[in-house]
Amino acid sequence: MYKVIITKYTLKELSKIDKKNQQLIFNKIKDLESGVFTNDKPLKGKHINKFRKRIGNYRIVYLKENDILLITVIRIAHRKRGLLK
């Protein structure tokens with residue numbers, strides 16, 4: 001079991017998404033909390049050690065810290081907007 005931390009910025013992004021996709025995203029965040037990392041892909045380049053989880057046209061970008069079982073959700077965005085600023 002992991003502890004999931006969602007930043008204020010991420011919650012603000014999430015509030016702009018329609019309710020149907022919000023529910024799908026919340027379900028995937030619960031999967032992260034349970035330790036389900038299937039089909040998650042590691043990011044490359046300067047974002048090494050971060051992962052992304054796909055939910056339809058959206059992505060969750062997160063950082064997994066195994067030592068303390070902590071997942072920090074960094075960004076939730078539409079695929080066309082890019083993963084990180």
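Residues are numbered from 1 along each chain as its sequence is written, and side-chain values use heavy atoms, with hydrogens and water left out. Because the model is predicted, local features need pLDDT of at least 70 and side-chain atom pairs count only at pLDDT 80 or more, whereas totals for chains, interfaces and linings use all residues.

View 1. From the N terminus on, the elements follow the order β-α-α-β-β-β-β, where helices (H or I, at least four residues) and strands (E, at least two) are DSSP runs numbered from the N terminus. The radius of gyration is 12 Å, close to the 12 Å that the globule rule gives for 85 residues, so the protein is as compact as a globular protein of that length; this radius is taken over C-alpha atoms, and the rule is 2.2 Å times the number of residues to the power 0.38. The C-alpha trace spans about 35 × 30 × 25 Å along its principal axes.

**View 2. Strand β3 and its partners β2 and β4.** Strand β2 (residues 41-42) is joined to β3 by two bridges and runs antiparallel to it, with Pro42 opposite Phe51 in β3. Two strands are taken to pair if DSSP finds at least two bridges between them.

**View 3. The hairpin of β3 and β4.** Two residues lie between the strands of this hairpin, in which Gly56 takes a positive phi near 60°.

**View 4. Lys53 in strand β3.** Lys53 belongs to β3, which covers residues 50-55, and is buried, with a relative accessible area of 3% (buried means under 20%, exposed over 50% and partly exposed in between, with a 1.4 Å probe and protein chains only). The side chains of Lys53 and Asp40 are joined by a polar contact of 2.9 Å, and a polar atom of the Lys53 side chain lies 3.4 Å from the backbone oxygen of Val36. A polar contact is a pair of N or O atoms within 3.5 Å; within protein, one must be able to donate a hydrogen and the other to accept it, and residues adjacent in sequence count only if both atoms are side-chain atoms. Leaving aside residues up to four places away in sequence, Lys53 touches residues including Leu32, Phe37, Tyr58, Ile60 and Tyr62, contact meaning heavy atoms within 4.5 Å.
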